[in-house]
Structure formats: C-alpha cells, structure tokens
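Visitor: I'd like to learn how to read aromatic pairs and a chain interface. Can you walk me through a case?

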2 protein chains.
Amino acid sequence: MAPGEKAAGGGKQAGNKNVTVPVNLNGISVSKDVNFSQWYQEVVTKCELVEYYTEISGFYILRPAAMHIWGEIRDWFSERTKAMGVEETSFPLFLSATSLEKEKAHVEGFAPELAWVTKAGDKDLEVPVAVRPTSEAVMYPYYAKWIRSHRDLPLKLQQWCSVVRWEAKQTTPFLRAREFLWQEGHTAHLTEQLAEKEVLEILELYAGVYEQLLAVPVVRGKKTENEKFAGGYWTSTCEAFIPTNGRGIQGATSHALGQNFSKMFDITVEDPNKKGEHLYVWQNSWGLSTRVIGVMVMIHGDDKGLVLPPRVARIQVVVIPVGITAKTKPEVKENLNNKISELAAALKGAKIRIEVDERDGYTPGFKFADWEMKGVPLRLEFGPKDAEKQVVSYARRDNGAKGTIPLDEVAAQVPILLEQIQKDMYDKAEKAFSSHRLMLNEWEKVVPSLNAKNVVIIPFCEEPKCEDEIKDKTKSDEAELGPDGKPQPSMGMKSLCIPFEQPEGLVPGETKCLNPSCGRNAKSWVMFGRSY
Amino acid sequence: MAPGEKAAGGGKQAGNKNVTVPVNLNGISVSKDVNFSQWYQEVVTKCELVEYYTEISGFYILRPAAMHIWGEIRDWFSERTKAMGVEETSFPLFLSATSLEKEKAHVEGFAPELAWVTKAGDKDLEVPVAVRPTSEAVMYPYYAKWIRSHRDLPLKLQQWCSVVRWEAKQTTPFLRAREFLWQEGHTAHLTEQLAEKEVLEILELYAGVYEQLLAVPVVRGKKTENEKFAGGYWTSTCEAFIPTNGRGIQGATSHALGQNFSKMFDITVEDPNKKGEHLYVWQNSWGLSTRVIGVMVMIHGDDKGLVLPPRVARIQVVVIPVGITAKTKPEVKENLNNKISELAAALKGAKIRIEVDERDGYTPGFKFADWEMKGVPLRLEFGPKDAEKQVVSYARRDNGAKGTIPLDEVAAQVPILLEQIQKDMYDKAEKAFSSHRLMLNEWEKVVPSLNAKNVVIIPFCEEPKCEDEIKDKTKSDEAELGPDGKPQPSMGMKSLCIPFEQPEGLVPGETKCLNPSCGRNAKSWVMFGRSY
C-alpha cells in the first residue's frame, strides 16, 4: 500500500468520513454478478463510453472517454511499430467485386458480412463495390506492384481505420459491432524466419497493450487450424478471460500468412541467392481493434460502474471540494478555492490528467458516486479540515482504500499512487485468470469446470475434427444467462490457443488426447473454453 | 542565407562540384509550366505520395510520405484544439435514409454524390444506408440527446475519418477524390458570440496549418452567400493561390451554422437568463482535408519534382556518401562510414528526421536526383575531402544553395538551416501570391488580369445574382490548358472570399459594384478568381 493509506472496509463503501453517499438514481441498476449482460450495457452507456446509434442497428458512437483510451493505445503502439520500421498508409474504403474474385478462400469467410454499395446518387454502379471487412484484397495488388526486388523488402505498412462486417449475430458494444476501429498491419518479408520474428514481436506488443496499458493479463499462443485466420498460414493470439462468466475472449491476433497470399497476388522477387529464380514473399497481417476496450470494461468494472486503469484514463484524478456548508465563511471558501487551484496546477505540472469538479448544486456525495461510476482511478477530497492539516484526502477507485497525502508531496506522491493502482489492478486480474485456468487430465471434469466458470488446459491431438467433436460434447443443458438475461443452454467449448508456455506433464507418444473417443496422441496442452 | 552558404547558379543545377548528375529516367518528364496537370500527376505518383487505385476510379492510396504530412498536421491541430476543449469522437460511417429526410436543405447539395449501401451479404437491406459525405446528419440527433441544459454547453467534438462523395467531375489526387481523409469538428454554444469566436479561432488554426506547417500563404475571409456551406449561416475560409495557373483554391472552411441545424434537430436548452424559456443552441462545423497536401505540392514543386517544407517532411535531411571510387582505400572507406554514423547520431539527437542513403550500385548523382525529386529539404554530402576539412557539404532543395558546415556544429546548425528553408519557402510563396492579387477599379481589366494568371480584388455588391452574372461575363474564349493537357475555353471567375482585411478606397454609398450592368453600391472588396 502507498504511504498514508489505510485499508477500506471491504472496498465497497464510498466512505464513512463526514459525507453520506446518496443512492445515485443515475447509477448502475444491476449487479455485475446478477445480470452481467445488462450491467455491461449500462456501464458502457452511462459511463459515456458509447452511445447506441439507434438509426442503424449494430453501430455505436464512440464518445470521448472511449476515444481517449483508443488514442493512448494508438500512441503507444505507433511509437513501437515505428521503431520497427512500420510506416503509415491509407488505402481506400472499398474493394471491387472483381478483385474479390482473386482470393476466394480468404473471402468466403467474409462474404455473408460484406456491405455492398450498388448506387451513387440515383445511378446504379456498373460494378458494385464492397466496404472493406479487412484490407488484404485491397492492398496486395499494390504490394505486387511495389515489390520488384529483394531491396524493396521488408515492406511494412499499417493503417488506422474502420472496417465493416455486417454481422447477423447479436452485436455488443466494442466486442461485436458492424463497424469498428482498428489498426491493421500488412508486411512482406524475404524469408519465413524474418516474417515469423515479426509475427511474434507484434504479438508481444498486443500483449503489452493489454497488460501494460489496460491492466489485463493475457495468455500468448497459437491458434489451432480450426481457429486460424482464413487463408493464412498460422495465427498467433493473445487470449483474455472474463471472470464473471468464465469465458475466454480473443484479444488480438497476429497472422503469419506464409506465401498463400503472395501466390494469389503474384508478389515475387528474384531470389538474391539464386540468380534468375523467383520466390514468393512471406507475408504477415495483424490487427488490434476497439474490442480491447470492452474486455477492459468487463474485467475491471464493478457494481458501481467503470474502473479505469490510470494509464489510459482520460481523467486520472478528480478533485472534489468538500466540507463547505451554508455556514462556511467566505474567506474560508476563498482560501479553499485558492488551495485547490494550486493543487490542480501542481498535478498538471506532474503531467496528471485531472479535473476539478466545481459544479454548483451537487453534493460531494453525488459527485463521489458520479466519478466512481465513470471509473476515475483516484479521487482527491479537499475541505477546511484538510486545509488545516495541510493534507489532501484520497480514495482509490479500484479497492476503495483511503488515506491522506501532505499537500507539498502531492505532485510526487500521486504519480506513484496511480502506478500502484495500475499494478494492483493487473495483479488482481492476473490472479482471477490464473486461478480459473485449470489443467485437466480427466475428461469428466471438463464440463463441471466450465460450469464453474473456468477455462481448461487439456492434452489435445490438434485435429480439426476432434476439435469439432469436443465442442459438441461440451454443450451443456445446465442453464446460464444469455445476452438477453434469460437462461439458455451453454455453448460448447472452443480451443482458445495452444499456449506458447507449455505446462509440463505431457509425454510425447504416450499422453492421449483428452477427448475419450479420440484415441490419438496428444500433441500439446491446449487452452479451451466457452468464449465470445 | 545561413552561415557558410554560397548562392547557387540559378538554383536549377544539382551542383557542379565533383559529381555529374545524370538524366534521371525515372524523373519528372514534363515541365511544370508546360503541362501543369501532367506534371502534378507525375509528381504525386513518382514521389510516392499517392498511388492510383485502379480498381475503382476516383480513389487513391495515400502512401507513407503523404501520411507523414497528414500525421504532422493532425498532431499540430489536435494539440491546439484539445487546448480549446475539443474532444475526440467517432461516429458511424453510415446514415440512414430516414434521418436524411430531416434536413433536406443541407442534404440536397450532397444527394447526387451519396454512395448507397443496399445489400449486406446477399440480402437486401430493408432501409438503404448512405456513406457519410459529412456528419451533420449523423451527429446532431445525438447532440439533441446529450445537450439537456446550458451546463452541457459548450459541446465540442471532432473526429478524424474519411468521407465519401461520389463525384461525377474529373477527380485529382488530394484536390478532388471520391474518398478523402479529414477532420470534422462539430460544436454547440449558448450564444452567437461564443460560437462566432470559435469559428474564427479555428480558421486561424487552419491558416496556421497552411502558413506555419506547409509554408503556404492564405487569405482569410468570409464566403459570399453563393459560396457558403449549404444550410449554414455564414462560412469563413482561408484561400490559397496556385501561381502556375493563376487559380484560387479553397484551403479550409470553418462554418457558423447559426441556429439552422439546432432548429432542424431540435437542440435546445433552457435560457439561463429567462427561466422557462428555451433557446436553440448556436452551432459550428469545420473541416480540414488532405486537400492541403495537394495545394502544398502545387505551390512548392518544381521541374525536378516535390519540394517539401522541413516541418512536415518525413525525411528532412538525407546524408549521401560521396567521393568513393574503386581506388578508395578500405581504411578511408571505413573511416568515412564511421564519421557518417556519428553524423547521423548527432542529427537524430537533435530530433532531425534523417536518412542515410547507403544503397550499393547507385552513383551519388543518381541519389542526388532521386532525393531531389522526392523533395527532401536538405542534402548533406560527405566524402574524403569533407572528412579532411572536418566539414559536411550541403545543398538546399528549395533554392539549390550550397555550403559547408563544420562537423562539430552540425547538430546546432542543421535545425537552424531547416527553419531558414521553411521561412524562405513561405516568403517565396507569399511574394507569388501577393504580386498576383490585383486590386481593380476598371471592369475592362478583369479578364486580361485573369488571363495573366492573377486573382482580382474588386468592389462588389455581394448580391448572389450579380455574382452569377460576373461568372458568366468572365468566361473567356482565350485558350488555357485543361486537365487533359488540351486547350479549352477558360472558366468564369467565382468569388473566393470577402477578405477580413479590407483594403482602403471603398467609399460606402458611393463606390459602385464593378459589374458594369449592376449599378448597385459596392459593399466590400471581394476576391474573385478562376478556381479549383
């Protein structure tokens, strides 16, 4: 704990100092554990991350609190990819029906979700154009044009844009929307080794976005054949976990495309080692979307609302004047305001994003609840009593802990406290994930483990058909709450990834695949779970 | 001139030192003055700013050199708008046919250019949706929802995105494309005064993008009724000038929407001064697009290709090893390479964006021409003779001037030199604009002035019908080259703006409108010109 901090009673009370917290009628109306799906919808809207776009279903407006998080991620990721030599580009929004023909294997997966522009003004287009669901087919004809020699390699481009996938499934803000923001990187390399190195470097950056910025732990691994990118070679992924419902969720994927696309699009260079012979380049594509924000909300939020990791919070610290009553003398009030201005200036000087809530007509208690709901990591309270003692009182959003900081140490202590909050949030989430990731050697334990909100790590043969069987066998009639809040049968489990960090205990040629009707040898420990 | 600099002979030679510059077969094949339109197309493609998207006409790929410029603009503008309290948002790409009905006056102008999505997968949509041409109709229903009290004002949001306008007219990279990147700001205020103040603050930032980043001078002013934003109240603009063809070009516009949209979308608050009474909010919208890049290219480019202002150039300085021959001793070569590494490190330490061109198999002369074409502001040459003298030789891209800098002063001198280049480029463009902005009091001089590649400032009544007449009367049969390079009749002149800085000499109630068949009194000096 940080200096001057004392533990709060259960961390669930807003405080029992000298302020009564009223019921916030605008607050979150359901408990996270009781109706997770409604809780989530309320949190993302009431905390002003998104607004539902009622004109067209499945679309959402991202509000400043969400865009700030995305901006922090963009800055962090761009800085690091730039250092890797990745440059920014912007390709058109549309791809033509004719260029889609070229790469059917890849496109098949997206075809049912393509939005087609067929008219401009009142005229029909001669050839309809589709809004990009991803940009392989938009970009790679130009990679073929630009890459003429091995000197043009590596080619490393990325763009930040939105893509459209007209989902038929139920949409959810951030997690599944018909339009979403992302970055997509597309690179070409001379050799498989160079390409593979980059796939993993990018995956590590994606894991960094989750772990270092969003305080969300992830498991790094490889997707099975069933779950890899359509048309690609192999897919690396980082997988997160939602403790409330025990589901896995794909965090972000970095794909080795191998030579599959370079063969489709004829992207070749002369082999620098064998004059006259051509080789197909090795390509990667990798994407991170605004889904990350939804994962963060689901993991850290609580019954009071959002809990934001300090590194991405638009407002890291809110300062609330307290202890002012009708009887407070004007000079005391003025003195307090002056001190608060000094406090604010000191914090801004320390590069802290702060807001002073000087709204008239609201009680401190109302303000406390309001900012707690919105997830501001740290609340500073300052009143006549604090002024007397030359301190400021604080309350942490993540665990409710309270304490005081000497006024002249605020600029030094608050950044330390924010970093402590960041770390504690990560540690808490990491504990929740690792304690719900069960290594199993008995098939009988699988479904009960899933029902008890775990994901499982099991010996698996890695065969696509066996994976389908496992999914089928783990469907459960035991009720869980669906997105509509009503009980429904549980889905079967999917493979989430083959973790790069393989646990011990799997004996090659001896350990069997856990699926009792399989009989093949297990190739690896694979993480399975019910998932988004 | 900077220390150590000597004037170059006409600034057209790459240098007569010890290097012969070969004809660059990949270079720009036509002179800017001879065929401006082909010159422009070659420059933007060969200098790798854009690639034509051949799959769908009217669309362009923005390559890293262009995206870097846009990124610099985004950072500069975001920093300043953030300080004004503007926050980032992201609204959907689509607007529904039904919400378009609401604001017909505004939409009419865009209707012929709307791209309509009518199908998702193989299913027809029940209600077609249009890709946004601009976002007033997408956003303002939510402004009505979010603004409930005067405490919610001002509301200041902007987004960086692309918009689609399916132009029937000939498209040109950056200047007129069917999809382009822009930022669009949308704000709401309690009073006309507060709104107006912001309109002009934003206009000043737009002018700053041109003048401070792109070294392009602009004239600030107000649009006439004919040229203002459809559905708005009044429009402020900054107008640039292309000396090569004497055309004006709209730089960026900041619109006062007045209460026109708040009445359409019912965006009201209770009047804080009159309890119980509601007032419609005052709104602004303002946009700056990638068009700025095209204007910059047209103004600064020359027969060798692009000339980039240092502040936005992705590569500000290129370092080229020279004077190495087959006879050069290995230890001399190695020493040179070491010195160049030190030089590069010193420049990077001074936050200069540099590239060392160590490509094998290319002569220095080829490299000189290549980087000149691509517009890199400053070339540093370093060879055995420079090493002996402890200097580095330089050549400025903008005026061809050459000189030397002592090695140990490079980190200090190069930033100064780059700023000098930036300033000189601006001054040159400013001189070209101001000397081709003619104040006229005789109607007879108008067409000859236009034909001599000027824009004109004339006394004008500000009546829309009179403006139409003037346009008609100034059409000229004298040939100018069209976008296809063939002679064609010249277009008539349009009003560009009513400059905020009004020249003297207009006597109210006395000076007549310059249109001889008008007869009304002139209200102001108005800048007219042939234009983009």
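Guide: Let's start with one residue: B:Tyr60 counts as buried, at 10% relative accessibility (buried means under 20% relative accessible area, exposed over 50%, partly exposed in between, with a 1.4 Å probe and protein chains only). Keep in mind that this is a predicted model, where local features need pLDDT of at least 70, side-chain atom pairs count only at pLDDT 80 or more, and totals for chains, interfaces and linings use all residues. Residues are numbered from 1 along each chain as its sequence is written, chains are lettered from A and ligands numbered from 1 in the order in which they are written, and side-chain values use heavy atoms, leaving out hydrogens and water.

Visitor: How do I read a pair of rings?

Guide: You describe it by the distance of the centres and the angle of the planes. Rings of Phe, Tyr and Trp (its six-membered ring) pair if their centres lie within 6.5 Å; planes under 30 degrees apart are stacked, over 60 edge-to-face, the rest tilted. That rule gives 44 aromatic pairs over all chains. In one of them, B:Tyr52 and B:Tyr60 have ring centres 5.1 Å apart and planes at 85°, so they are edge-to-face. B:Tyr52 is partly exposed, at 27%.

Visitor: Why is the pair of B:Tyr362 and B:Phe366 stacked?

Guide: Their planes are at 25° with the centres 4.9 Å apart, so the pair is stacked.

Visitor: What lies over the face of B:Tyr362?

Guide: Look for NZ of Lys or CZ of Arg within 6 Å of the ring centre and within 35 degrees of the ring normal. Here B:Arg359 lies over that face, 4.8 Å from the ring centre of B:Tyr362. Likewise, B:Lys374 has its charged end over the ring of B:Trp371, 5.6 Å from the centre.

Visitor: And how many residues are in contact between chain B and chain A?

Guide: Contact means heavy atoms within 4.5 Å, and 52 residues of chain B touch 52 residues of chain A that way. One aromatic cluster includes A:Tyr53 along with B:Phe91 and B:Trp146, among others.

Visitor: How many salt bridges are there between chain B and chain A?

Guide: The rule wants a side-chain nitrogen of Lys or Arg within 4 Å of a carboxyl oxygen of Asp or Glu. The count between the two chains is 4. One example is B:Glu51 with A:Lys145, whose closest N and O atoms are 2.4 Å apart.
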